[in-house]
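Morning, everyone. I have one structure to walk through today, and I will keep it brisk. Please have the sequence and the model open.

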Amino acid sequence: MKNILFPTDFSQTADNAFVYALHLADSLGADLHVLHTYSIPIVSGLGVEGSEVIQQVYENVELTSFEKFKEKAGQLREMAEQENASGVKLSFVFEEGDLIMNILDVISKENIDLVVMGTSGASGFEKKFFGSNTVNTIKSIDIPILSVPHQAKFKGITKIGFTTIFKDSDKQPLAEVLKIAKRFNAKVRCLNVAKDMQDVTIELAIRDWKRNFGSNELKFIIREEGEQSLEEHISEFIHELNISFLAIVKRNQTFFERLFSSSLSKKLSYKLDIPLLIIKEAK
């Protein structure tokens, strides 16, 4: 990962995620691109004679937004120095318009490998990013997205969790996780929650995956479903094994509707105190 994109609204949640993104970039030797998007209000009803007034409103909004952007960019550079991460190359992008379209544009222009974003479950910024009116656009983001909860702190990456249902399409995402783990010399623990622990297909799948990946740092953990919810199993898995961040696979069909509606990943992303890495399902 050489280029990380960090969209921000300069909130406290975003600033916390910036520190996480900063340390991640520092550890990976990556550049960090900070994107701030602003909106021009729609002014109407003034007629032709009001065109100069409308233009002045637009210019004032843009100027005010840019002044705030310059001030916050300076503060983020100061935060980098305070975090002993001033060696990370920071670049700042200030764009008017639609947040999602700007994100997609930066991803394309800067060859972005990862998007890092702060989440608290309450901000309007998240509603913009994950709102139903932008679901179709967000689906086109093929690169991994790291969701950093408000309380998450970067303490190094020592153990990465990965949830799987042993589909072939999970293998490529796991390969990506193993690459990240190698950079941090971290262990990877794969969790599968099974209805029947005695199911022979699970044992065969584990043998197949071990042959495929052949990593000593990779282990599989099978938990029986029982009366616990999947969310409870994953939460226990995270805390018992001291997982640094959890990786899940983005299923293609209605993933983003589920992600921030009533889905497992919504519940996890709002309850976890560790980041959630979302990787696209392989075709």
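One definition before we start: buried means under 20% relative accessible area.

A caveat on the source. This is a predicted model.

Now the overview. The protein has 283 residues, and 48% of them count as buried. Its secondary structure comes to 10 helices and 10 strands. Then contacts. Take those between residues at least 6 apart in sequence: 80% of them join residues at least 24 apart.

On to salt bridges. In general, side chains of opposite charge can pair when their charged atoms come close. How many salt bridges does the structure hold? The count is 11.

The side chains of Asp15 and Lys72 form a salt bridge, at 3.8 Å from N to O. What does this pair tie together? Asp15 sits in helix H1, residues 12–28, while Lys72 belongs to helix H2, so the bridge ties together parts that are 57 residues apart in sequence.

Is His23 buried or exposed? Its relative accessible area is 16%, so His23 is buried. Setting aside residues up to four places away in sequence, His23 touches Glu83 and Phe154.

Next, a network. Salt bridges link Asp168, Lys171, Asp208 and Arg211. I will take two of the pairs in turn.

Pair one is Lys171 with Asp168. Their side chains meet at 3.6 Å, N to O. Lys171 is buried, with a relative accessible area of 17%. Asp168 is exposed, at 60%.

Pair two is Arg211 with Asp208. Here the salt bridge spans 4.0 Å, N to O. Where do these two residues sit relative to each other? They are 3 residues apart in helix H7, so about one helical turn separates them. Arg211 has 64% relative accessibility, so Arg211 counts as exposed. Asp208 is partly exposed, at 24%.

Now the surface. Which residues form a negative surface patch? Asp196, Asp199, Glu224 and Glu225 do. Let me place two of them.

Asp199 first. Asp199 is in the loop between strand S7, residues 187–194, and helix H7, residues 200–213. With 31% relative accessibility, Asp199 counts as partly exposed. Patch residues need over 30% relative accessible area. Asp199, at 31%, is therefore above that cut-off.

Then Glu225. Glu225 is in the loop between strand S8, residues 218–224, and helix H8, residues 230–241. Glu225 is also partly exposed, with a relative accessible area of 33%. That value, too, is therefore over 30%.

What does Glu225 contact, leaving aside its neighbours within four places in sequence? The list is Val193, Ala194, Lys195 and His233. Pick out Ala194. Along the chain, Glu225 and Ala194 are 31 residues apart, yet their C-alpha atoms are separated by 5.5 Å.

Last topic: backbone torsions. I have two asparagines to show you.

Asn84 has a positive phi of about 55°, although Asn84 is not a glycine. Where is Asn84? In the loop between helix H2, residues 51–82, and strand S3, residues 90–96. Its relative accessibility is 67%, so Asn84 counts as exposed.

Asn242 also has a positive phi of about 55°, and Asn242 is not a glycine either. Asn242 is in the loop between H8 and strand S9, residues 245–250. Asn242 is exposed, with a relative accessible area of 57%.

To recap. Asp168, Lys171, Asp208 and Arg211 are linked in a salt-bridge network. Asp196, Asp199, Glu224 and Glu225 make a negative surface patch. Asn84 has a positive phi, and so does Asn242. That is the tour. Over to you.

Conventions. Residues numbered from 1 in each chain as written. Predicted model: local features only at pLDDT ≥ 70, side-chain atom pairs only at ≥ 80, totals over all residues. Heavy atoms only, no water. Patch = residues over 30% accessible without salt bridge, like charges linked within 9 Å, V, L, I, M, F, W, Y side chains within 5 Å. Areas by Shrake-Rupley, 256 points an atom, 1.4 Å probe, with all protein chains shown as cover. Lys, Arg positive; Asp, Glu negative; His and termini not counted. Charge placed at Lys NZ, Arg CZ, Asp CG, Glu CD. Helix = DSSP H or I, 4+ residues; strand = E, 2+ residues; numbered from the N terminus. Buried < 20%, exposed > 50% of the residue type's maximum accessible area, 1.4 Å probe, protein only. Contact = heavy atoms within 4.5 Å.
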